[in-house]
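Please read them alongside the coordinates.

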Amino acid sequence: MKKAGKIFGWIFTITLLSISDLVISFKSGMQGSDEEREKIKTQAENYVRERFKKPMRVYDTFFDNIGN
């Protein structure tokens, strides 16, 4: 019984550590840099100014690092 408990404990611990590692990696990978954000915002403002006649405003950027 003690051996089965130790095996279950190790499997549970490894699974929990793996899941927490995946969550932390995902969150850190989804954060964009401030330099890129400003670059994208400038490009978006130029695009909007060239394409649309009515005055429009770019409020924010959305960082999507899913790999599409």
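1. Burial. This is a predicted model. Of the protein's 68 residues, 3% count as buried. The cut-off matters here: buried means under 20% relative accessible area.

2. Fold and extent. The protein has 2 helices and 0 strands. Its radius of gyration is 23 Å, whereas the globule rule gives 11 Å for 68 residues; the value is well over the rule, so the protein is more spread out than a compact globule. Taken along the principal axes, the C-alpha atoms fill a box of roughly 75 × 20 × 20 Å.

3. Surface. The accessible surface amounts to about 6,900 Å². Carbon and sulfur atoms hold 61% of that surface.

4. Charges. The protein carries 12 positive and 9 negative charges. Their mean positions lie 9 Å apart.

5. M1 sits in the segment before helix 1. M1 is exposed, at 89% relative accessibility. How far is M1 from F26, C-alpha to C-alpha? The separation is 37 Å, for two residues 25 apart along the chain.

6. Nonpolar patch. Which residues form a nonpolar patch on the surface? They are F8, F12 and L16. Together they have about 360 Å² of accessible area. F8 belongs to helix 1, which covers residues 2–29. With a relative accessible area of 59%, F8 is exposed. The threshold for exposed is over 50%, so F8 qualifies.

7. Salt bridge R37–D34. The structure holds 2 salt bridges. One of them joins R37 to D34, with the closest N and O atoms 2.8 Å apart. Both residues are in helix 2, residues 34–51. They are 3 residues apart there, so about one helical turn separates them. D34 counts as exposed, at 56%.

8. Salt bridge E50–R51. The side chains of E50 and R51 also meet in a salt bridge. The N to O distance is 3.7 Å. The cut-off is within 4 Å, so this pair counts. E50 is exposed, with a relative accessible area of 60%. R51 is exposed as well, at 52% relative accessibility.

9. Points to keep in view. The box of roughly 75 × 20 × 20 Å and the 3% of residues that count as buried should be read together. For side-chain contacts, start with the R37–D34 bridge at 2.8 Å, then take the E50–R51 bridge at 3.7 Å.

Conventions
Residues are numbered from 1 along each chain as its sequence is written. This is a predicted model: local features need pLDDT of at least 70, side-chain atom pairs count only at pLDDT 80 or more; totals for chains, interfaces and linings use all residues. Side-chain values use heavy atoms; hydrogens and water are left out. Helices (H or I, at least four residues) and strands (E, at least two) are DSSP runs, numbered from the N terminus. The radius of gyration is taken over C-alpha atoms; the globule rule is 2.2 Å times the number of residues to the power 0.38. Buried means under 20% relative accessible area, exposed over 50%, partly exposed in between (1.4 Å probe, protein chains only). Accessible areas come from the Shrake-Rupley method with a 1.4 Å probe; for residues, only the protein chains shown count as cover. Lys and Arg count as positive and Asp and Glu as negative; His and the chain ends are not counted. The place of a charge is taken as NZ of Lys, CZ of Arg, CG of Asp or CD of Glu. Patches are made of residues with over 30% relative accessible area and no salt bridge: like charges are joined within 9 Å, nonpolar side chains (Val, Leu, Ile, Met, Phe, Trp, Tyr) within 5 Å.
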